[in-house]
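User: Can you take me through this model? I'd like to start with how the chains meet.

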Amino acid sequence: MYRAAAIVGIGQSQFGRKLIKTAWELALDACLAAIVDAGIDAKEIDGIIRYDAPNELVQQGLLVRSLGIPELRWFSNAPYGGEATGAVVSHGAAAIAARQASCVLIYRSLSQSTSGRMGRADDRYGQAEEQYASGDRTPGGEFSAPYGLLSPGQVFAMWASRYKYENSVSDDDWARAMGTLAIQQRQYAHNNPAAIMKDRSLTWDEYLQARVINWPLRLFDLCIENDGACAIVLVAAERARALREDPIYVLAATQSMSPLSEPIATYKRDLTEFVVPEASQRMYRDAQIAASDVDVAELYDATSFMALKSLETWGFVKRGQAWKHLIEHGTGPDSPLPVNTHGGHLSEAYIHGMNAITESVKQLRGTAANQVKNAEIAVAAAPFGSAVVLGR
Amino acid sequence: MKILPAPTALSQPYWDGTHEHKLLFQQCVRCGTRWHPPMPLCPNCHSGEYTWEPSAGVGAVYTWTVVEHPTHPAFADKLPYVVAVVELDEGPRIVANIRQCEPYAVKGGMRVQVLFDDVTESVTLPQFVPSPAAAGEG
C-alpha cells in the first residue's frame, strides 16, 4: 500500500451547532469541494467509502444519484464510529492498490441537530414508565443501560479513570495534563476560521471551574456535538501526480481489533492498552518510518483523554507517560509533537475523525491555519486501532 | 421511570438467575474458561457446552466513573451516581452501580459485594456495595 494511493482533494462544509442544511446537503457541500479541489469530474468517481456509524444518514446511493456518478464499482462502510478514521483510508487505498477502484470518494456527514446527540439518551427507549434496552453493547445495552451507562462519554470516563488510577496520577496533575490539551486546542481554534469555538475563550480558570460531567472528565474535556461534513478524494499515485504538484500519499493505514476491544470497549481485560502494540509497530513499519519521524498528529478526541492515550498507543511516548509529556511539553506549535492543530473535536468540530484527515492534508500541503513548519509526515488516528500515516 | 433489560435467548439464564438472587456467569465444561457478557460458545476452545455457574458475588472495582450529568430522565434524580466495572473474584467482569457509598469515596481495587435490587416484580438488577471487610480496613 506504501505510496500506492494519494489524497488529491479535500473538502468541508460549514461547521455549526444547528445548521439549516440536512446531512445530505452537508455531505454534498464537502464532497463537491473535494472534487473541485482534486480537479476531477464527479463522473470519474468509481468508489465511495463511508462511515457506518450512528447518525450517518447519507448512504452511498444518495451521492451516486445526486452527483450523477454513472457506476460505482467499489463501495464499503467502515464500522464503529470514530474507529473508521484510518479505516476509511485503509479501505480506499486497498481498493486502489487492488485495482478495484481508481477514484475513491470518502466522507463523513453529521447532522446531530436533527438525528440526535450522543451525549443524551432521553428518547432512545421511548417514553414509557418502563423502558427496555437490548443487546450487550456498551453503552446503552441490556447490561449497561439499566445502570445509567448510556453515553459514550461515560465509558470514556471509565477508561480515563482506570488510566489515572493505574498510573497514580494525582488530581492536580490530571487536571494539568487534560487541561493542557483542551486549552491548547482552543488556542489553535482561535486561528481557524472554520472552528465552531473560534471566538470562545478557554482560560485555565474556566477549564478548572467547569462542572464535572463524568468524573474524571470535566465539561471542556468532552467534544462538541454539531452539524458538518468533510470529504477527501483518493486516487492512484500516478494519477495523483498528473492532477497536482502536492499529492499527499498514504504511507500506511491500519485497522485493528482484539477480544472485547470493539468500541465502545468496556469489558476489555486491560482497559489501559487500547490496541495491541503490534498494530502500531506494523503501521510504522509499513510506512517505512519511526513514530519519532511524525511531525504532526491529529488524534481523535471525543474526549481529551483519547488524545492523551493516543500519544502512547501510537508510539509517541511510552505507555503510562503521556500525562507527564503533556504537562512538561504540551502540544503547542513549538512542542515536540503538535497535536490537533485544527482545534480537534473539542474546539473545531466533531466530524468523527474526518477533520483529522483533512487537517493532516492541509498541514502536509503547507496550508493549515496553524501551520507546523516543514511538516512532512502526519498521523491521523482514532484511539482503538484505526489510524493512517500520510506523507508528502 | 426505569430502564430494564430486554433479555435475549442467550442472556435469559443470566436474568433468571438475578431474579433468584444468584449472579451467574458462563463456564466452559471442557476447558473451564469463564466469561461475561454471554456468548454462544467458549472463546478459548470453541465448545458449545457450558454451564451457568453462581458467583460468590464478591469482587473489586476495576474502573468507575461518577456520573454528574444527566443523560436520561430515568436517572435525573439519581445524580451523582457511580457506574463501575467490577471484577468478580471468579474472573468475569460486570457493569453495575456502587451503592451505599459516597460517590467520591469509591476507589480502584475497592472490595465490593453484590446486592440484589428487585426493581420490579420480574426484574432484579445485581448491584454492588462496599464489602464489610473493606469498610473495616478504612
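**Chain contacts and folds**

Analyst: A:Arg269 and B:Glu87 form a salt bridge through their side chains, at 3.3 Å from N to O. A salt bridge here is a side-chain nitrogen of Lys or Arg within 4 Å of a carboxyl oxygen of Asp or Glu.

User: What sort of model is this, and what conventions apply?

Analyst: This is a predicted model, where local features need pLDDT of at least 70 and side-chain atom pairs count only at pLDDT 80 or more, while totals for chains, interfaces and linings use all residues. Residues are numbered from 1 along each chain as its sequence is written, chains are lettered from A and ligands numbered from 1 in the order in which they are written, and side-chain values use heavy atoms, with hydrogens and water left out.

User: How many salt bridges between chain B and chain A?

Analyst: The count is one salt bridge. Polar contacts between chain B and chain A come to 30 residue pairs, both at pLDDT 80 or more. A polar contact is a pair of N or O atoms within 3.5 Å; within protein, one must be able to donate a hydrogen and the other to accept it, and residues adjacent in sequence count only if both atoms are side-chain atoms.

User: Which element gives the largest share of chain B's side?

Analyst: β5(B), with six residues. Strands are DSSP runs (E, at least two residues) and helices likewise (H or I, at least four), numbered from the N terminus.

User: How much area is buried between chain B and chain A?

Analyst: About 3,800 Å², of which carbon and sulfur atoms give 58%. That is accessible area (1.4 Å probe) lost on putting the two parts together, summed over both. In chain B, B:Tyr62, B:Thr71 and B:Val95 lose the most to chain A, together 17% of what that side buries.

User: What about strand pairing across the chains?

Analyst: Strand β6 of chain A (residues 212-215) runs antiparallel to β5(B), joined by two bridges. Strands pair if DSSP finds at least two bridges between them. A:Asn214 has B:Val67 as its bridge partner in β5(B).

User: Switching topic: which strands make the open sheet in chain B?

Analyst: The order is β3-β2-β4, with antiparallel pairing. β3 (34-35) and β4 (50-54) are the edge strands, each pairing on one side only.

User: And chain A, how many helices and strands?

Analyst: Chain A has 13 helices and 12 strands. Its radius of gyration is 20 Å, close to the 21 Å that the globule rule gives for 392 residues, so chain A is as compact as a globular protein of that length. The radius is taken over C-alpha atoms, and the rule is 2.2 Å times the number of residues to the power 0.38.
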